[in-house]
Amino acid sequence: MDNKFIRFLIVGWVNTLFGYFMFALFIFSKFHYSIAALMATMLGVLFNFKTTGKLVFGNSDNKLILKFFGVYTVVYFMNTLALKVFKMYEVDLYLGGALVLLPMAVLSFLLNKKFVFKG
(Lines give C-alpha, C1' and ligand atoms only; values in the text may rest on other atoms or scores of the structure.)
Protein backbone atom coordinates (compact mmCIF):
# COMPACT_ATOMS: atom_id res chain seq x y z
CA MET A 1 0.00 0.00 0.00
CA ASP A 2 1.07 3.54 -0.71
CA ASN A 3 2.35 5.35 2.40
CA LYS A 4 0.47 8.51 1.40
CA PHE A 5 -2.79 6.59 1.24
CA ILE A 6 -2.21 5.05 4.67
CA ARG A 7 -1.41 8.47 6.12
CA PHE A 8 -4.53 9.83 4.41
CA LEU A 9 -6.64 7.15 6.09
CA ILE A 10 -5.21 7.85 9.52
CA VAL A 11 -5.32 11.65 9.26
CA GLY A 12 -8.66 11.45 7.51
CA TRP A 13 -10.07 9.43 10.39
CA VAL A 14 -9.01 12.06 12.92
CA ASN A 15 -10.27 14.91 10.71
CA THR A 16 -13.53 13.09 10.06
CA LEU A 17 -14.14 12.48 13.74
CA PHE A 18 -13.51 16.15 14.46
CA GLY A 19 -15.77 17.32 11.60
CA TYR A 20 -18.61 14.92 12.39
CA PHE A 21 -18.43 15.74 16.09
CA MET A 22 -18.79 19.43 15.25
CA PHE A 23 -21.68 18.72 12.84
CA ALA A 24 -23.49 16.58 15.43
CA LEU A 25 -22.92 19.21 18.09
CA PHE A 26 -24.50 21.90 15.89
CA ILE A 27 -27.45 19.64 14.94
CA PHE A 28 -27.92 18.83 18.63
CA SER A 29 -27.87 22.59 19.31
CA LYS A 30 -30.84 22.92 16.89
CA PHE A 31 -29.00 24.62 14.02
CA HIS A 32 -30.45 24.11 10.52
CA TYR A 33 -28.55 21.29 8.78
CA SER A 34 -27.04 23.66 6.19
CA ILE A 35 -25.72 25.98 8.91
CA ALA A 36 -24.50 23.01 10.96
CA ALA A 37 -22.63 21.66 7.93
CA LEU A 38 -21.21 25.11 7.10
CA MET A 39 -19.92 25.75 10.62
CA ALA A 40 -18.52 22.21 10.96
CA THR A 41 -16.85 22.57 7.56
CA MET A 42 -15.30 25.94 8.42
CA LEU A 43 -13.88 24.63 11.69
CA GLY A 44 -12.84 21.42 9.99
CA VAL A 45 -10.96 23.28 7.26
CA LEU A 46 -8.86 25.11 9.81
CA PHE A 47 -8.16 21.89 11.70
CA ASN A 48 -7.59 19.83 8.55
CA PHE A 49 -5.31 22.22 6.68
CA LYS A 50 -2.24 21.54 8.75
CA THR A 51 -2.86 17.87 9.42
CA THR A 52 -3.63 17.01 5.80
CA GLY A 53 -0.97 19.26 4.32
CA LYS A 54 1.86 18.24 6.59
CA LEU A 55 1.10 14.65 7.48
CA VAL A 56 -0.39 13.41 4.19
CA PHE A 57 1.17 15.56 1.48
CA GLY A 58 4.32 16.74 3.27
CA ASN A 59 3.50 20.38 2.60
CA SER A 60 2.63 23.01 5.20
CA ASP A 61 2.79 26.08 2.95
CA ASN A 62 0.27 28.56 4.39
CA LYS A 63 -0.11 30.14 0.93
CA LEU A 64 -2.22 27.13 -0.07
CA ILE A 65 -5.00 27.90 2.43
CA LEU A 66 -7.21 29.66 -0.16
CA LYS A 67 -7.06 26.68 -2.52
CA PHE A 68 -7.76 24.42 0.45
CA PHE A 69 -10.81 26.55 1.32
CA GLY A 70 -11.88 26.28 -2.33
CA VAL A 71 -11.79 22.50 -2.15
CA TYR A 72 -13.85 22.52 1.01
CA THR A 73 -16.33 24.94 -0.53
CA VAL A 74 -17.01 22.32 -3.20
CA VAL A 75 -17.16 19.58 -0.55
CA TYR A 76 -19.56 21.68 1.55
CA PHE A 77 -22.00 22.16 -1.33
CA MET A 78 -21.89 18.47 -2.24
CA ASN A 79 -22.39 17.55 1.42
CA THR A 80 -25.32 19.95 1.81
CA LEU A 81 -26.92 18.65 -1.38
CA ALA A 82 -26.67 15.08 -0.09
CA LEU A 83 -28.14 16.11 3.28
CA LYS A 84 -31.01 17.85 1.50
CA VAL A 85 -31.79 14.65 -0.39
CA PHE A 86 -31.67 12.63 2.84
CA LYS A 87 -34.00 15.14 4.49
CA MET A 88 -36.44 14.93 1.55
CA TYR A 89 -36.60 11.16 2.08
CA GLU A 90 -36.93 11.65 5.85
CA VAL A 91 -33.59 10.02 6.64
CA ASP A 92 -32.33 10.98 10.09
CA LEU A 93 -29.73 13.76 9.71
CA TYR A 94 -27.30 12.07 12.10
CA LEU A 95 -27.40 8.97 9.88
CA GLY A 96 -27.31 11.08 6.71
CA GLY A 97 -24.27 12.95 7.98
CA ALA A 98 -22.55 9.64 8.75
CA LEU A 99 -23.46 8.17 5.33
CA VAL A 100 -21.80 11.01 3.43
CA LEU A 101 -18.56 10.85 5.43
CA LEU A 102 -16.71 8.42 3.16
CA PRO A 103 -17.76 9.93 -0.19
CA MET A 104 -16.91 13.44 1.04
CA ALA A 105 -13.54 12.24 2.40
CA VAL A 106 -12.66 10.65 -0.95
CA LEU A 107 -13.79 13.78 -2.81
CA SER A 108 -11.70 16.04 -0.57
CA PHE A 109 -8.61 13.82 -0.94
CA LEU A 110 -8.85 13.77 -4.72
CA LEU A 111 -9.45 17.51 -5.01
CA ASN A 112 -6.62 18.31 -2.56
CA LYS A 113 -4.23 16.01 -4.39
CA LYS A 114 -5.08 17.52 -7.79
CA PHE A 115 -5.55 21.21 -7.00
CA VAL A 116 -3.90 22.09 -3.68
CA PHE A 117 -0.95 19.85 -2.79
CA LYS A 118 0.19 19.01 -6.32
CA GLY A 119 3.43 17.21 -6.97
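## Exercises on a pocket, a cavity and a helix pair

The largest pocket holds about 180 Å³ of space. This is a predicted model, where local features need pLDDT of at least 70, side-chain atom pairs count only at pLDDT 80 or more, and totals for chains, interfaces and linings use all residues. Residues are numbered from 1 along each chain as its sequence is written, and side-chain values use heavy atoms, leaving out hydrogens and water.

**Exercise 1.** Work out which helix gives the most to the lining of the largest pocket.

*Solution.* A pocket is an open set of points on a 1 Å grid with protein on both sides within 12 Å along at least five of seven lines, and lining residues have an atom within 4 Å of a point. Start with the lining, which includes Phe8, Trp13 and Leu101. Next, α1 (3–28) and α5 (101–116) each supply at least two of its residues. The answer is α1, with five residues.

**Exercise 2.** Find which residues lie nearest the centre of the largest cavity.

*Solution.* In a cavity, a 1.4 Å probe fits but cannot get out. The largest cavity has about 500 Å³ of space. Look through its 30 lining residues: Thr16, Gly19, Tyr72, Leu101 and Met104 lie nearest the centre.

**Exercise 3.** Decide how α1 and α2 run: roughly parallel or roughly antiparallel?

*Solution.* The axes of α1 and α2 (residues 33–56) come within 8 Å and cross at roughly 155°. Angles under 35 degrees count as roughly parallel and those over 145 as roughly antiparallel. The two helices are therefore roughly antiparallel.

Key. Grid points are joined across faces, edges and corners, and a volume is the space filled by probe spheres set on the points. Helices (H or I, at least four residues) and strands (E, at least two) are DSSP runs, numbered from the N terminus. Axes are lines fitted to C-alpha atoms, for helices over the stretch in contact, and angles run from 0 to 180 degrees between N-to-C directions. Angles under 35 degrees count as roughly parallel, over 145 as roughly antiparallel, 65 to 115 as roughly perpendicular and the rest as oblique.
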